[in-house]
Amino acid sequence: LGSSSCCRNGSNIVCDTVGLESMWSAGSCADVQHLARRWFGTGGIFHARVRPQEKITLRAIRDEAKLRRHGIARYNKRWRSWAQNRIRQYQLPLPVTLTSDTALMDATYMTSCVQKAAALRKHDVQLWRGYSTRILELKDEFLPEQLGYVLWGYGKCSYMDGKFYSDFMPVVQKSLPDFQSHALMSLLWCMKRIKWQDRALMKQAAEHTLGIIDALRPSDFVKVANCLAILGLKEPGLRTALSRAAIPKFEELFAQQFRDAVHPAAIGGLWSEEVVAYLLERFRRIFITARPMHLMKAYESAVVCRVQSPHAWRSLTLEAKQFYVRLSQRHIPDPGREPSPLHWEVSRTLADLDEPHRNSFRWGPFFIDIGLEELEQDERRRCLMVDAPTSFFYKSDQYLPPRRMQHQVLTSLGWDVRRVRWDDWAELGTDESRRKEYLQTLLSGTRPVGELLHDRTAAQPSEVQRKLQQLREVLQNAEAQKRARAEERQIDFDV
């Protein structure tokens, strides 16, 4: 056809092709496009015949480009952070069918099923029960990387089965020296999600973290450190070694990844004062990338630092202190917390005692379950914190470390905190007189400022399970009585 050139001038297209001038010069734009499609095809990757998965990918690329053109000025780094975190997922390439017969699955196929079911948020109890049975049969055949994916999947879906974890965690502990970055992060993240208490396993995981610190991804190091703090790492030597290795790791993080490093549990229970000051100083410079949940954690971290580490707070620059003061004064969107059935039962008993109170409200960065209106003689306010089973380790009556830290900070800030434990409430049954007497005894007297929350002597798991079943029966009876009272108040207008 020879050489050709094409230029656009307004709505007219002028094409000069050597040897074809008579065919192209007098044609309109529509004719030119029709001839181009006829001779050269439609062209372009978006007109090709592609498989469904490729079509989804191309559509996502096209939508992303459109959003970048029209929305980047508004969304800026927040949108880019969402896109990166949404796209970056741990996926296994093996195509699997989740409902296949588990007896036919090997370790590789089972790993892919667990990962896919968790990523798709499949919360079918029967499905996960079948997976758990098969995993225990194949527990000696999993590779360390596969164990990491299995732990990630079970942490993602929060499947609770004490027998499964009791039989599976020894296998994980045996393979722990061979864990790499993702598998190590998945182990501690799973333990945090299911509130699993195993001091020996946690200590070994912390030691392994220091052993592979150079090969550990910085983002995984942040999650590992936060999980160790939430699970309550107490060994001073390990905490000092982790603090010594923290700042070089944090220096490798980008702003979007660094947001998660500022966590109140780690600020109050893991890092040294030098690391605390570094975290609070750097967050001030990257807060533009933070979402409301990151701002709330930074606010709480600053309060915890001010109460528990005053030397670290005084070492901050004036600009950093002013930033957190302004952060405490701004509105941070928060969905709030819906009171649990146990919470409502305590509130109803307080109402029967003619005790004015307020349910589930935010005070600074903390949530107060029940706040009493009447002041004490020393002008302190009293509050009731309802400790549901989620406030303790799994199948245990031992408090989670964040709960103990919250109690100490609130009492240091002037609150007189009283705690209603779920196991104590279950022992009261549905007897209203016993409930009133219990709350009257609990609210009597005063508590010292800065009081520590101590654990009771650990009960046996079977005893905790018995009390948990008793609590379920109490709440079911209370719900039945509530429905009966509502039906009595109904007015029948049938004539």
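What percentage of the 495 residues of the protein count as buried? The answer is 43%. Keep in mind that you're looking at a predicted model.

**The overall picture**

Start with the secondary structure: the protein has 22 helices and six strands. Its exposed surface comes to about 27600 Å², and 51% of that is supplied by carbon and sulfur atoms. As for who touches whom, take the contacts with a separation of 6 or more: 69% of them link residues 24 or more positions apart.

| Helix pair | Residues | Angle | Axes apart |
|---|---|---|---|
| α8 and α10 | 181-194 and 218-231 | about 30 degrees | 9 Å |
| α9 and α11 | 199-211 and 236-250 | about 30 degrees | 10 Å |

Let's take α8 and α10. Their packing angle is about 30 degrees, which means α8 runs roughly parallel to α10. The crossing of these two helices is left-handed.

Which residues of α8 meet α10? On the α8 side you'll find Ser181, His182, Leu184, Met185, Leu188, Trp189, Met191 and Lys192. Their partners in α10 are Asp220, Lys223, Val224, Cys227, Leu228, Ile230 and Leu231.

From α9, the residues involved are Lys203, Ala206, Glu207, Thr209 and Leu210. They meet Leu238, Ala241 and Leu242 of α11. This contact of α9 with α11 is made up of five nonpolar residues, one polar and two charged.

**A serine in a loop**

Where does Ser391 sit? It lies in the loop that runs between β5 (381-387) and α19 (401-412).

Is Ser391 buried or exposed? Its relative accessible area is 1%, so Ser391 counts as buried, the cut-off being under 20%. And what is around it? Setting aside the neighbours within four places in sequence, Ser391 is in contact with Tyr399, Leu400 and Arg403.

Technical notes: Residues numbered from 1 in each chain as written. Predicted model: local features only at pLDDT ≥ 70, side-chain atom pairs only at ≥ 80, totals over all residues. Heavy atoms only, no water. Axes fitted to C-alpha atoms, helices over the stretch in contact; angles between N-to-C directions. Helix = DSSP H or I, 4+ residues; strand = E, 2+ residues; numbered from the N terminus. Parallel < 35°, antiparallel > 145°, perpendicular 65-115°, else oblique. Left-handed = near helix turned anticlockwise from the far one by under 90°. Contact = heavy atoms within 4.5 Å. Buried < 20%, exposed > 50% of the residue type's maximum accessible area, 1.4 Å probe, protein only. Areas by Shrake-Rupley, 256 points an atom, 1.4 Å probe, with all protein chains shown as cover. Nonpolar A, V, L, I, M, F, W, Y, C, P; charged D, E, K, R; others polar.
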